[in-house]
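Here are my notes on this one, written for someone opening it for the first time. Have the sequence and the 3D view side by side while you read.

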Amino acid sequence: EKKDSALVPYNEYWRLGANFATELSLNKSILFSEKNLKPGSYRMYAIPNSQSWEVVLNSEAGAFGFNPPDKQNDILSVIVPVQEMDESLEQFTIDFNKDTLGINLIMSWDKTRVIVPIKPN
């Protein structure tokens, strides 16, 4: 919580990295957690909570990440559940992992993991 001086407080913008905003670039259409997403470059950010994260893609690719994006430029947002990990991970990590249905975008930090499924469209 913010009142507890959390490094990443719940219910607030998180740029998912340092300096420039985290960017997701695609060369073809996909389903991003079952939502259609066209090719392009997108600013990706999150609004974390204890039970779920809102993961947002915004058209302001290439922006400096310190300042929150203009929400009017949000392309889509998805709510993904938080999974608790057994082991603590000190460094925030974004990974991609292939499975039988497509690819999973996996964000992990401390004992928290969220997974956004990505499928061909």
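1. How many of the 9 residues of β4 are buried? The count is 7 of the 9, so β4 is largely enclosed by the rest of the structure. Here "buried" means under 20% relative accessible area, with exposed over 50% and partly exposed in between (1.4 Å probe, protein chains only). Strand names follow DSSP runs (E, at least two residues; helices would be H or I, at least four), numbered from the N terminus.

2. Some ground rules before going on. This is a predicted model, in which local features need pLDDT of at least 70 and side-chain atom pairs count only at pLDDT 80 or more, while totals for chains, interfaces and linings use all residues. Residues are numbered from 1 along each chain as its sequence is written, and side-chain values use heavy atoms, with hydrogens and water left out.

3. Now the overall layout. The model has an open sheet of 7 strands with antiparallel pairing, in the order β1-β4-β5-β6-β7-β2-β3. β1 and β3 (35–37) are the edge strands; each has a single partner strand, so one side of each lacks a neighbour in the sheet. From one strand to the next the twist averages 40°. (Strands pair if DSSP finds at least two bridges between them; axes are lines fitted to C-alpha atoms, for helices over the stretch in contact, and angles run from 0 to 180 degrees between N-to-C directions.)

4. Back to β4 and its partners. β1 and β4 run antiparallel and are joined by 5 bridges, and Glu-23 has Arg-43 in β4 as its bridge partner. Between β4 and β5, also antiparallel, there are 6 bridges, with Met-44 opposite Leu-57 in β5. A hairpin of 3 residues takes the chain from β4 to β5.

5. Moving along the sheet, β5 and β6 pair in the antiparallel sense over 7 bridges, and Leu-57 has Leu-76 as its bridge partner in β6. β6 and β7 are antiparallel as well, with 10 bridges. Their hairpin has 4 residues between the strands, and Gly-102 there takes a positive phi near 160°. β2 joins β7 through 3 bridges, again antiparallel, and Phe-32 stands opposite Ile-118 in β7.

6. Asn-58 sits in strand β5 and is buried, with a relative accessible area of 0%. The Asn-58 side chain reaches the backbone nitrogen of Glu-60 at 2.7 Å. Beyond four places in sequence, Asn-58 touches, among others, Tyr-42, Arg-43, Asp-70 and Asn-73.

7. Asn-104, in strand β7, counts as buried at 14% relative accessibility. Asn-104 is the bridge partner of Asn-97, and a polar contact of 3.0 Å joins the side chains of Asn-104 and Asp-99. (A polar contact is a pair of N or O atoms within 3.5 Å; within protein, one must be able to donate a hydrogen and the other to accept it, and residues adjacent in sequence count only if both atoms are side-chain atoms.)

8. Which loop holds Gly-65? The one between β5 (52–58) and β6 (74–98). Gly-65 counts as buried because its relative accessibility is 0%. Gly-65 and Leu-16 are 49 residues apart in sequence, yet 8.6 Å apart in space, C-alpha to C-alpha. Leaving out neighbours within four places in sequence, the contacts of Gly-65 are Tyr-13, Arg-15, Asn-19, Phe-20, Ala-21 and Arg-43.

Notes
Contact = heavy atoms within 4.5 Å.
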